Amino acid sequence: MLKKMKRRLGVKIDMTPMVDIAFLLLIFYMTTTSFKPPERMNVSLPASHSDIKLPESDMIYVTVTKEDSILVEYITKEKVIQEGKEVMEPVRHYEETNTTTLPQVITQVRSLPGAITWFVVIKADKEVSYGTMSSIMEALQKIKISKFSLVTEREKEERT
């Protein structure tokens, strides 16, 4: 006697809950991700081979354009009331300056609470005149800042 084989039934999996979760995760990541804020002054950075990462906080950025205009940028944490609670929120500050008033502006920024250890970073356009950069370095030496970083763009390596 031969046994009759049972016929298999097809299995159907409902994909709707998985798609819902995927979209919820996508929306969550899109709303919580913080993007780099737009820059006030466009600067085309010089190229280099350096690959040193800068810290995310406690920085004073001195941006210099090819027209020799100077912008000092820094971020402080200030109390902001959100939903009835006081929250420390980062606030971005900008000050336009020139080479003669740069020492006073940086001294004023460094006099803020907790800003004494802030590091100075210079983002200069690759077409900035030598005289402007020399004046900026002299201004930093005047207020006893001997260490600072120059921001550059990483050179793309050619593959052969």
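Residues are numbered from 1 along each chain as its sequence is written. Because the model is predicted, local features need pLDDT of at least 70 and side-chain atom pairs count only at pLDDT 80 or more, while totals for chains, interfaces and linings use all residues; side-chain values use heavy atoms, with hydrogens and water left out.

**Exercise 1. Work out how α2 and α3 pack.**

Start with the elements: α2 covers residues 102–110 and α3 covers residues 130–142 (helices are DSSP runs of H or I with at least four residues, strands are E runs of at least two, numbered from the N terminus).

Next, take the geometry. The axes are 9 Å apart and the angle is about 50° (axes are lines fitted to C-alpha atoms, for helices over the stretch in contact, and angles run from 0 to 180 degrees between N-to-C directions). The two helices are therefore oblique to each other (under 35 degrees is roughly parallel, over 145 roughly antiparallel, 65 to 115 roughly perpendicular, and the rest oblique).

Finally, list the residues. Leu102, Pro103 and Ile106 of α2 meet Ile136, Ala139, Leu140 and Lys142 of α3 (contact means heavy atoms within 4.5 Å).

**Exercise 2. Find the salt bridges and say where their partners lie.**

There are 2 salt bridges in the structure (a side-chain nitrogen of Lys or Arg within 4 Å of a carboxyl oxygen of Asp or Glu).

Take Glu73 and Arg92: their closest N and O atoms are 2.3 Å apart. Glu73 sits in β3 (residues 70–82) and Arg92 in β4 (residues 85–97), so this pair ties together parts 19 residues apart in sequence. Now check accessibility: Glu73 is buried at 10%, whereas Arg92 is partly exposed at 31% (buried is under 20% relative accessible area, exposed over 50%, partly exposed in between, with a 1.4 Å probe and protein chains only).

Then take Glu86 and Lys79, whose side chains meet at 4.0 Å, N to O. Both of these residues are exposed.
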